[in-house]
Amino acid sequence: PLYQLSGLRKKYQHLDVELWIKDDSQTHDKFGGNKIRKLEYLIGSVYEQLSTPKEDRVVAKGRFKMLSGSSFQEMVTLGFSGSNHCVATSLIAQELSKECSVFLKDQHPASYVDENLKRHHQLGTRIWNDNDLETNKSFPSLEDLQELVNDADDVLWVPPGGTHPHSHWAYVEGAFEFAWQWWLSLDSASQSPSQHRFPHWSDLQGVSVPQQPDFIYMACGTM
């Protein structure tokens, strides 16, 4: 949904601007954010592959590794201890009745790190970190992990951060969703967007734009 930042507008009233924010925390009822958006497209791509007969599957550049079996039983990914992506991956795995293993690298203590580690405990995530490895071995590299996973037919490797050509479509979808929420919810009297969620971005096609935001600021990951 969209919310008006009335407090900031009052603070900067001399600028005579309206400030609104799109709350992506509600992309999922348990754990929202952009990582859920990205996984929707990543995992959807995998199931699209699995629905295709094995003899007709084509490995295209930028796609996931082609699964040789008819399904996968475990999802594996990599991140720091407070990674939102790792939590989102584990949540999706649970909803799909799959196992989930994450390789976590240590990071500076913070409240959100503790919260995400608690979420992993609640989800039953299998966690590997530096302390689980032999003292004479370094933490496995991204390439090592990917090679290890590729050798297993029933394990799905999920790229760190959910970053993948397929996941970019999640941001395109989010942009159209924003446009739908902003432009189509304009109240004829107040000319301010309501706080409703609407069906699908494709319904925006052919609709005239009565009022456009002057600026749109989008946070692109860790800053």
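**View 1. Helices α3 and α4 side by side.** The axes of α3 and helix α4 (residues 111-123) come within 10 Å and cross at roughly 15°; axes here are lines fitted to C-alpha atoms, for helices over the stretch in contact, and angles run from 0 to 180 degrees between N-to-C directions. So α3 and α4 are roughly parallel to each other, a label for angles under 35 degrees, with over 145 counting as roughly antiparallel, 65 to 115 as roughly perpendicular and the rest as oblique. Their crossing is left-handed, meaning that the near helix is turned anticlockwise from the far one by less than a right angle, whereas clockwise would be right-handed. On the α3 side the contact (heavy atoms within 4.5 Å) uses N84, C86, V87, S90, L91 and Q94, and α4 brings N116, R119, H120, Q122 and L123. Sorted by class, the contact of α3 with α4 has four nonpolar, six polar and one charged residues. For the classes, Ala, Val, Leu, Ile, Met, Phe, Trp, Tyr, Cys and Pro are nonpolar, Asp, Glu, Lys and Arg are charged, and the others, Gly among them, are polar.

**A note on all views.** This is a predicted model: local features need pLDDT of at least 70, side-chain atom pairs count only at pLDDT 80 or more, and totals for chains, interfaces and linings use all residues. Residues are numbered from 1 along each chain as its sequence is written, and side-chain values use heavy atoms, with hydrogens and water left out.

**View 2. The whole chain, for orientation.** The chain's secondary structure comes to six helices and six strands, taken as DSSP runs (helices: H or I, at least four residues; strands: E, at least two) and numbered from the N terminus. Read from the N terminus, the order is β-α-β-α-β-α-β-α-β-α-β-α. Of the 223 residues, 35% are buried, with buried meaning under 20% relative accessible area, exposed over 50%, and partly exposed in between (1.4 Å probe, protein chains only). Take the contacts between residues at least 6 apart in sequence, and 64% of them join residues at least 24 apart.

View 3. Nine of the twelve residues of α3 are buried, so the helix is largely enclosed by the rest of the structure. Those buried are H85, C86, V87, A88, T89, S90, L91, I92 and A93, and their cover includes α2, β3, β4 (99-105) and α4. The end C-alpha atoms of α3 sit 17 Å apart, which agrees with the 16 Å that twelve residues should span at 1.5 Å a residue; the expected span is 1.5 Å times one less than the number of residues.

View 4. S97 lies in the loop between α3 and β4. Its phi is positive, about 60°, although S97 is not a glycine. Most residues other than glycine have a negative phi. At 65% relative accessibility, S97 counts as exposed.

View 5. Helix α2 (residues 34-50) has 17 residues and reaches 25 Å from first C-alpha to last, close to the 24 Å expected. Its buried residues include I36, L39, L42, I43, V46 and L50, and among the elements covering the buried residues of α2 are β2 (20-22), β6 (155-157) and α6 (168-183). α2 and α6 pack at about 120°, with axes 8 Å apart, which makes α2 oblique to α6. This crossing of α2 and α6 is right-handed. N34, R37, K38 and Y41 of α2 meet W169, A170, Y171, E173, G174 and E177 of α6.
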